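User: Please go through this structure with me, one question at a time. I would like each answer to close on the value or name asked for.

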Amino acid sequence: MTRIQLAHTADLGPATLKKARALLGLVFGQEMTDHDWEHALGGVHVLIWDGERLVGHAAIVQRRLLHGGRALRTGYVEGVAVHPAHRREGHGAAMTAELERIVRDAYELGALGASEEGELLYAARAWQRWRGPTFALTPTGIKRTPADDGSIYVLPANTPLDLDGELTCDWRDGDVW
């Protein structure tokens, strides 16, 4: 029997964090960098357990995205993964539903950078593809991030958005989106 656990990073012990990191490494291989793991820390984790085995992980952390002259308090989704042996069992949808609830209750906006496989899940829900150009607020100024165009999805939570407008993320090491 599976169960869902929600917990802040501070409330997860080292053993659970190690299991989450290992699951992300299994799912994403070499693409899952230490920076990517760091991006998933400091917020709320949604974990799916099958007994003592971690079979699903997602995290939501606070970021600031700039749009329409405003800095929007954003719940940014990171580290979404389901163990390969447990896919197509509804775990991705269950984790996403929890993330959406958190966005609606705590943020002005939800956002994420979707993989090609993940796009199917988000597009089937209320997430909307960002159609406009993307940027990052870097230490040397605002820089265009054209490689991320078309892969950013947003979930508006009472904030009007122009999906064809510019969207700028705050700076962080590694992949900025």
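User: How much space lies in the largest pocket?
Analyst: This is a predicted model, in which local features need pLDDT of at least 70 and side-chain atom pairs count only at pLDDT 80 or more, while totals for chains, interfaces and linings use all residues. Residues are numbered from 1 along each chain as its sequence is written, and side-chain values use heavy atoms, with hydrogens and water left out. On a 1 Å grid over the protein atoms alone, a pocket is an open set of points where a 1.4 Å probe fits, with protein on both sides within 12 Å along at least five of seven lines; points are joined across faces, edges and corners, and the volume is the space filled by probe spheres set on them. For the largest pocket this comes to about 1200 Å³.

User: Which element gives the most to the lining of the largest pocket?
Analyst: The lining (residues with an atom within 4 Å of a point) has 38 residues, with Phe28, Val80, Gly113, Ala114 and Ser115 nearest the centre. Two or more residues each come from helix 1 (14-28), helix 2 (34-39), strand 4 (70-82), helix 3 (91-106), strand 5 (109-113) and helix 4 (116-123); helices (H or I, at least four residues) and strands (E, at least two) are DSSP runs numbered from the N terminus. The most, seven residues, comes from strand 4.

User: What distance does helix 3 reach from its first C-alpha to its last?
Analyst: The expected span is 1.5 Å times one less than the number of residues. Helix 3 has 16 residues, for which 22 Å is expected. The distance in the model is close to that, at 23 Å.

User: Is Ala58 buried or exposed, and what is its relative accessible area?
Analyst: Leaving aside neighbours within four places in sequence, Ala58 is in contact (heavy atoms within 4.5 Å) with Val44, His45, Val46, Glu78, Gly79, Val80, Met95 and Leu99. Glu78 is 20 residues away in sequence and 6.2 Å away in space, C-alpha to C-alpha. Ala58 is buried, with a relative accessible area of 0%.

User: Which residues is Arg131 in contact with, leaving aside its neighbours within four places in sequence?
Analyst: Arg131 sits in the loop between strand 6 (128-129) and strand 7 (134-138). Its relative accessible area is 53%, so Arg131 is exposed. With those neighbours left aside, its contacts are Leu163 and Asp164.

User: What is the phi of Asn158?
Analyst: Asn158 is found in the loop between strand 9 (152-156) and strand 10 (167-169). At 78% relative accessibility, Asn158 counts as exposed. Asn158 is a residue other than glycine, yet its phi is positive, near 75°.

Definitions and conventions:
Buried means under 20% relative accessible area, exposed over 50%, partly exposed in between (1.4 Å probe, protein chains only).
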